Amino acid sequence: MLLLGLSSVSTAVPLRAQETTVARDAIEQDVPDDFYCGERRLGQWFYCVKPKPTEAPLSAAAEPQVSAADRIAAIGRQLDELKARAILEPSEANVIAYVRFQREQLDRASTFSDTWQRALWQNPDLDYTLQRPVSTVGKRLWLDNRKADRDEVLTNLGQRYGLFYFYAQSCGACEVFAPILRSVTDSHRMTVMAVSMDGGPNREFPNYVVDSGQRARMGVPGNETPALVLFDTQTKRTIPVGYGVLSADEIMDRIFMLTNTKVGSDY
């Protein structure tokens with residue numbers, strides 16, 4: 001009898017363990033229990049299907065970042081939409097919405113402009129007006145210094161450069177330009193070789209020569225007159241100064257820039 005009792009107990013224990021395992025497996029596999037879930041209906045404090053763990057929300061660092069350029073483009077599109085809506089449907093609400101949004105963008109632009117100005121004041125390496133002043137006093141001083149440098153350079157320019165002046169007797173603009181060019185070259189002691197494109201003389205430059213291919217050999221395109229060209233005797237390079245009628249200041253400024261300034265240094 002004792003052995004039979006022990007055997008029955010030993011048999012019951014594994015069976016209960018199996019039932020527990022099956023129940024647990026049923027819960028793990030999201031299989032509802034018919035007795036507890038169907039008949040007894042234990043309510044909200046018990047669950048028949050194991051809830052799935054909620055996914056952790058993405059951190060702010062993992063969220064895609066919208067670029068500043070895309071944000072600006074979105075603002076522009078919204079402004080255009082509000083404006084179009086206010087024009088096509090000119091209700092008070094639509095007009096107010098457009099004006100308010102436009103004012104927000106104007107305020108943003110004003111803040112940017114103010115910050116820009118303050119940054120330039122505090123970082124002189126970024127302030128272009130130190131190189132090219134815009135104030136009345138600063139600009140006048142800059143122009144006076146520039147003119148002094150220009151005159152000094154032009155006075156010594158004849159040691160390396162010569163000027164070729166291409167003209168035509170039938171050219172009315174040449175008659176106007178020749179005296180201007182003569183006054184500049186005389187005041188700065190510059191040598192000029194006048195070249196007649198049609199064989200006619202020139203009152204301001206009586207020691208002219210007739211073009212016999214000089215212009216083509218120098219690489220000066222076309223037949224436009226008047227034409228003023230610098231010739232570098234060291235590099236044997238031609239530098240066109242300009243075509244048409246130029247004032248005395250234009251002639252001197254162009255020659256100075258072409259021979260003594262780097263590209264982009266004045267801007």
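Colleague: How many bridges pair strand 2 with strand 3?
Modeller: This is a predicted model, in which local features need pLDDT of at least 70, side-chain atom pairs count only at pLDDT 80 or more, and totals for chains, interfaces and linings use all residues. Residues are numbered from 1 along each chain as its sequence is written, and side-chain values use heavy atoms, leaving out hydrogens and water. Helices (H or I, at least four residues) and strands (E, at least two) are DSSP runs numbered from the N terminus, and two strands pair if DSSP finds at least two bridges between them. Strand 2 and strand 3 (residues 209-210) run parallel, and their bridges number two.

Colleague: Which residue of strand 2 stands opposite Tyr165?
Modeller: Strand 1 (residues 161-167) and strand 2 are parallel and joined by five bridges. The strand 2 residue opposite Tyr165 is Ala194.

Colleague: Which residue forms a salt bridge with Arg140?
Modeller: A salt bridge is a side-chain nitrogen of Lys or Arg within 4 Å of a carboxyl oxygen of Asp or Glu. At 3.1 Å, N to O, the partner is Asp144.

Colleague: Is Arg215 buried or exposed?
Modeller: Buried means under 20% relative accessible area and exposed over 50%, with partly exposed in between (1.4 Å probe, protein chains only). Arg215 forms a salt bridge with Glu224 at 3.9 Å, and Glu224 is partly exposed at 46%. Because its own relative accessible area is 2%, Arg215 is buried.
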